[in-house]
Amino acid sequence: MATTALVVLDLGGTFAFALNGALTALRATRLDIVGVVTLGMITALGGGTIRDLFLDSLPPATFLDWRYLAVAAGGGLIAFASGHHLERINGTINVLDAAGLSLFAVTGALKATGLGFGPAQAVIVGAITAVGGGTIRDVLIRRVPSVLSSGLYAVPALVGATAVVVAELLGARGSVATVGAAVLCFVIRMVGVHFDVNAPVPPGSPPPEDG
Amino acid sequence: MATTALVVLDLGGTFAFALNGALTALRATRLDIVGVVTLGMITALGGGTIRDLFLDSLPPATFLDWRYLAVAAGGGLIAFASGHHLERINGTINVLDAAGLSLFAVTGALKATGLGFGPAQAVIVGAITAVGGGTIRDVLIRRVPSVLSSGLYAVPALVGATAVVVAELLGARGSVATVGAAVLCFVIRMVGVHFDVNAPVPPGSPPPEDG
Amino acid sequence: MATTALVVLDLGGTFAFALNGALTALRATRLDIVGVVTLGMITALGGGTIRDLFLDSLPPATFLDWRYLAVAAGGGLIAFASGHHLERINGTINVLDAAGLSLFAVTGALKATGLGFGPAQAVIVGAITAVGGGTIRDVLIRRVPSVLSSGLYAVPALVGATAVVVAELLGARGSVATVGAAVLCFVIRMVGVHFDVNAPVPPGSPPPEDG
């Protein structure tokens with residue numbers, strides 16, 4: 001897949017997470033414009049920064065490349081300006097989160113294979129990239145992160161990253177395979193959100209202290 | 001600006017944040033001497049560590065250079081020993097936080113330009129250095145970080161870093177420009193604290209779930 | 001000490017922390033299998049990842065070496081499957097935490113000396129490796145980290161790391177010195193847990209807002 005197409009998908013994920021993080025800030029805590037845009041940018045750029053740390057691709061692209069910074073800041077500002085018009089803000093937040101998750105799972109994995117890492121490392125880095133920004137977001141506003149509490153959050157990221165890596169191993173490096181893997185991840189995540197699907201919980205476990 | 005002067009300012013910021021972090025620990029939670037000094041050191045060294053990660057200047061100077069470790073540990077111990085004598089501890093905490101914020105904004109930005117990074121990256125790294133340690137501090141003691149909740153926290157850091165970068169672009173690399181930029185940041189921050197200034201909040205936004 | 005023996009001890013610490021993190025997840029919050037295994041893996045691999053960042057040994061060994069990933073995932077799955085059978089789960093969690101702390105304190109310090117870092121840096125990195133994973137674990141499930149709240153948590157890690165570094169400086173690089181340093185750390189930690197020992201708290205300090 002061409003590098004340009006990969007950057008476009010990566011910027012798409014950045015934009016989705018910037019909107020998501022800023023809308024989350026509007027909902028969760030009494031934040032002013034700086035706080036809202038800051039949380040949007042951290043959510044948008046956090047996953048890619050952790051990815052580049054794991055891949056030893058420092059300084060991080062999220063910091064060196066002005067396009068990531070501009071898209072993240074723009075997404076945060078747009079969300080701040082329009083957030084209170086959104087009637088079904090929770091639904092929007094979930095869709096944006098799933099979109100960012102899907103795009104980062106495949107672009108993270110493809111960046112790893114492009115740098116010469118093996119398939120297992122590529123799948124892991126794809127998943128870390130996908131869940132990283134949202135995890136930092138949740139920690140900063142004092143929520144248990146989705147990656148721990150939500151049944152189908154890490155799983156679709158792993159599935160999407162695996163799909164794109166397998167497609168590449170089979171010689172299918174084109175946009176179709178990449179977008180298909182992202183759509184697969186997105187659909188699994190949205191099904192999980194819609195039906196509130198969870199992975200198995202331990203039977204007979206002691207009652208949790210904190211729900 | 002001479003490297004020695006820069007190190008002195010950087011150590012000054014480290015000391016201010018070590019005192020601030022340790023005093024915050026005394027106020028916020030029931031911590032013993034190890035916890036108080038540890039939070040002081042993490043607050044003091046966190047921003048510089050993140051800075052060096054973004055600048056690919058690893059291992060971090062905060063870890064390699066014994067002076068940073070000694071100043072951070074000393075600040076934590078001094079705060080532990082004297083903290084309960086401070087009548088107006090909250091005021092002291094705010095002044096120390098503003099001092100560390102200001103010094104790290106300018107030294108972080110100047111380290112970036114010294115390593116050859118462009119003006120935009122230098123401003124961003126200055127701001128990240130300034131807010132980084134305090135953000136980790138707040139996460140560890142379970143507070144919403146100042147960078148999200150306090151109107152004028154990221155803004156003065158960005159202003160101070162921009163001022164010193166612009167001064168350098170104009171050929172004014174001396175101590176006067178550097179200290180002036182730090183003072184500018186400090187004054188803006190303290191005005192914000194004193195008058196409880198916030199940036200605009202979104203009109204018509206839904207009521208926050210968590211104040 | 002042979003590299004193989006060091007890897008074995010490091011994998012032992014990884015396994016102990018994977019069990020600990022997963023059992024903590026079972027106790028603390030209502031997590032499904034993915035959340036439990038994820039928290040186990042983050043607890044197991046977090047300290048070593050931070051260690052390799054500080055030592056500029058990137059990409060981290062915890063990510064490149066499949067053995068760490070396999071042991072961490074296996075430990076999380078075993079804890080998930082067996083956790084509800086453990087009658088005295090809190091005691092088990094504490095013992096596993098002390099075991100991981102002890103093993104990572106010595107292996108972290110020895111990795112630093114093996115890479116040519118000085119004694120002070122080796123002691124610090126040993127302690128950071130030991131407390132890192134547990135600190136991330138506590139932040140993710142919204143607890144004040146043990147390294148701040150528990151009197152004897154950072155101290156035994158520093159003692160264990162110091163012991164193994166001093167032994168190496170004296171020419172005792174064998175397994176006996178390494179295991180002895182780990183046992184020393186483990187015993188101090190368990191004594192602290194058993195007798196609820198705390199380091200001195202500041203006399204006359206204002207009453208804490210949050211216990």
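Helices (H or I, at least four residues) and strands (E, at least two) are taken here as DSSP runs and numbered from the N terminus. The structure is a predicted model, in which local features need pLDDT of at least 70 and side-chain atom pairs count only at pLDDT 80 or more, while totals for chains, interfaces and linings use all residues. Residues are numbered from 1 along each chain as its sequence is written, chains are lettered from A and ligands numbered from 1 in the order in which they are written, and side-chain values use heavy atoms, with hydrogens and water left out.

Under this scheme, chain A has nine helices and zero strands, and its elements follow the pattern α-α-α-α-α-α-α-α-α when read along the sequence. Of the 211 residues in chain A, 56% are buried, where buried means under 20% relative accessible area, exposed means over 50%, and partly exposed lies in between (1.4 Å probe, protein chains only).

In chain A, A:Asp56 is placed in the loop between α2 (33-54) and α3 (61-64), has a positive phi near 50° although the residue is not glycine, and counts as partly exposed at 35% relative accessibility. The loop of chain B also holds B:Pro59, which is joined to B:Leu58 by a cis peptide bond with omega of about -5°. In chain C, the peptide bond from C:Leu58 to C:Pro59 is cis, with omega near -10°, and C:Pro59 lies in the loop between α2 (33-54) and α3 (61-64) of that chain.

Two helix pairs were described by their axes, which are lines fitted to C-alpha atoms, for helices over the stretch in contact, with angles running from 0 to 180 degrees between N-to-C directions. In chain C, the axes of helix α8 (residues 154-169) and helix α9 (residues 175-195) come within 8 Å and cross at roughly 160°, which makes α8(C) roughly antiparallel to α9(C). Angles under 35 degrees count as roughly parallel, over 145 as roughly antiparallel, 65 to 115 as roughly perpendicular and the rest as oblique. In chain B, the axes of helix α6 (residues 119-140) and helix α8 (residues 154-169) come within 8 Å and cross at roughly 140°, and α6(B) and α8(B) are therefore oblique to each other. A crossing is left-handed if the near helix is turned anticlockwise from the far one by less than a right angle, and right-handed if clockwise; α8(C) passes α9(C) in a right-handed crossing, and the crossing of α6(B) and α8(B) is right-handed.

Side chains of opposite charge can pair when their charged atoms come close. A salt bridge is counted when a side-chain nitrogen of Lys or Arg is within 4 Å of a carboxyl oxygen of Asp or Glu, and a search of the whole structure finds 21 salt bridges over all chains. In chain A, A:Asp97 forms a salt bridge with A:Arg137, the closest N and O atoms being 3.3 Å apart. Because A:Asp97 lies in helix α5 (residues 89-114) and A:Arg137 in helix α6 (residues 119-140), the pair ties together parts that are 40 residues apart in sequence. A:Asp97 counts as buried at 5% relative accessibility, and A:Arg137 counts as buried at 1%.

In chain B, B:Asp52 forms a salt bridge with B:Lys111, with the closest N and O atoms 3.1 Å apart. Since B:Asp52 belongs to helix α2 (residues 33-54) and B:Lys111 to helix α5 (residues 89-114), this pair ties together parts that are 59 residues apart in sequence. B:Asp52 is buried, with a relative accessible area of 0%. In chain C, the closest N and O atoms of the salt bridge between C:Arg143 and C:Asp138 are 2.8 Å apart; C:Arg143 is partly exposed, with a relative accessible area of 36%, whereas C:Asp138 counts as buried at 1% relative accessibility. A network of salt bridges links A:Asp10, A:Arg51, A:Asp52 and A:Lys111.
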